[in-house]
Amino acid sequence: IAILIGLVDGFNPCAMWVLIFLITMLFDYPSKKKMWILGCTFLFTSAFIYFLFMISFLKVAMFINSINVLKLLIAVFALVFGGFNIYRYFKTKDVGCDVVDKNKRRRIINRIKNILSSKSFAFAIGGIILLAISVNLIELLCSMGLPVMFTEILAYNNITGVKNILYIILYIIFFLIDDLIVFFIAMKTLKITAISNKYSKYSHLVGGLIMIAIGLLMILKPEWLMFNF
């Protein structure tokens, strides 16, 4: 479950366009070593922030699971959001980032340019970290609610302590796979090989189906979400 949902969640157009523009700008950076450091800083900060968000979601999920009415509301949320994503799959030709308009995109692009044009490498590192944090806030709005559903499954199974952390880390590893592939190929070849929007479009379909399945199981067969660890 961690691998499947994490992989589907990873095909997120809101983060991918930022990464691609960042890589494009890094090609002109004077030091190849620093170019790698800045790119890796962006990716690993993104992973860490996503990890913190999911830990927070998990604490909320554990509270929700103690109140039947809230559990029902989460199940309804899964059904509605899942249905919306399936609707988007059939009604839109291309799937981009819906939560970032042209003005916000222009501001992010200008921020990246300012960060990488700085003569101070320490300032550039700090700017990249802040950029990764802000992008993850956007990414969560674009993520189809999948991290919330995964933490609900963890809460259903009463997993505690280190196991929770390991499952969330596994989720995030597969969540990052597409970004890592694009980044490492680009750094080695100095060419951009972006993942097609078609994959993002299909991820909305698969993500929607997953959310509907989880929502139905929460209402009809909650015991099927328990794996007897």
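Predicted model: local features only at pLDDT ≥ 70, side-chain atom pairs only at ≥ 80, totals over all residues.

Select H3 and H7, which are oblique to each other because their axes cross at roughly 50°; oblique is what remains when angles under 35 degrees count as roughly parallel, over 145 as roughly antiparallel and 65 to 115 as roughly perpendicular. The axes of H3 and H7 come within 8 Å. An axis here is a line fitted to C-alpha atoms, for helices over the stretch in contact, and angles run from 0 to 180 degrees between N-to-C directions.

Residues are numbered from 1 along each chain as its sequence is written, and side-chain values use heavy atoms, with hydrogens and water left out.

Now show the whole chain. It has 9 helices and 0 strands; helices (H or I, at least four residues) and strands (E, at least two) are DSSP runs, numbered from the N terminus. Of the 229 residues in the chain, 46% are buried. Buried means under 20% relative accessible area, exposed over 50%, and partly exposed in between, with a 1.4 Å probe and protein chains only.

Next, select residues 146-156, helix H7. How many of the 11 residues of H7 are buried? The count is 10, so H7 is largely enclosed by the rest of the structure. Among the buried residues are Phe150, Glu152 and Tyr156.

Step on to Asn158, in the loop between H7 and H8. Is Asn158 buried or exposed? Its relative accessibility is 65%, so Asn158 counts as exposed. Asn158 is not glycine, yet its phi is positive, near 50°.

Select H3 (residues 32-64) together with H8 (residues 162-189). Their axes are 10 Å apart and the packing angle is about 155°, which means that H3 is roughly antiparallel to H8. H3 passes H8 in a right-handed crossing. The contact of H3 with H8 has 22 nonpolar, 2 polar and 3 charged residues. In this count Ala, Val, Leu, Ile, Met, Phe, Trp, Tyr, Cys and Pro are nonpolar, Asp, Glu, Lys and Arg are charged, and the others, Gly among them, are polar.

Show the side chains of Trp36 and Phe184. The structure holds 7 aromatic pairs, and Trp36 with Phe184 is a tilted one, 5.4 Å centre to centre with 45° between the planes. Rings of Phe, Tyr and Trp (its six-membered ring) pair if their centres lie within 6.5 Å; planes under 30 degrees apart count as stacked, over 60 as edge-to-face and the rest as tilted. Trp36 is in helix H3 and Phe184 in helix H8, 148 residues apart. Phe184 has 36% relative accessibility, so Phe184 counts as partly exposed.

Still in helix H8, select Asp178. With a relative accessible area of 4%, Asp178 is buried. The C-alpha atoms of Asp178 and Gly10 are separated by 6.6 Å, although the two residues are 168 residues apart along the chain.

Last, select Lys34 and Phe121. The charged end of Lys34 sits over the ring of Phe121, 5.0 Å from its centre.

Technical notes: Left-handed = near helix turned anticlockwise from the far one by under 90°. Lys NZ or Arg CZ within 6 Å of the ring centre and 35° of its normal.
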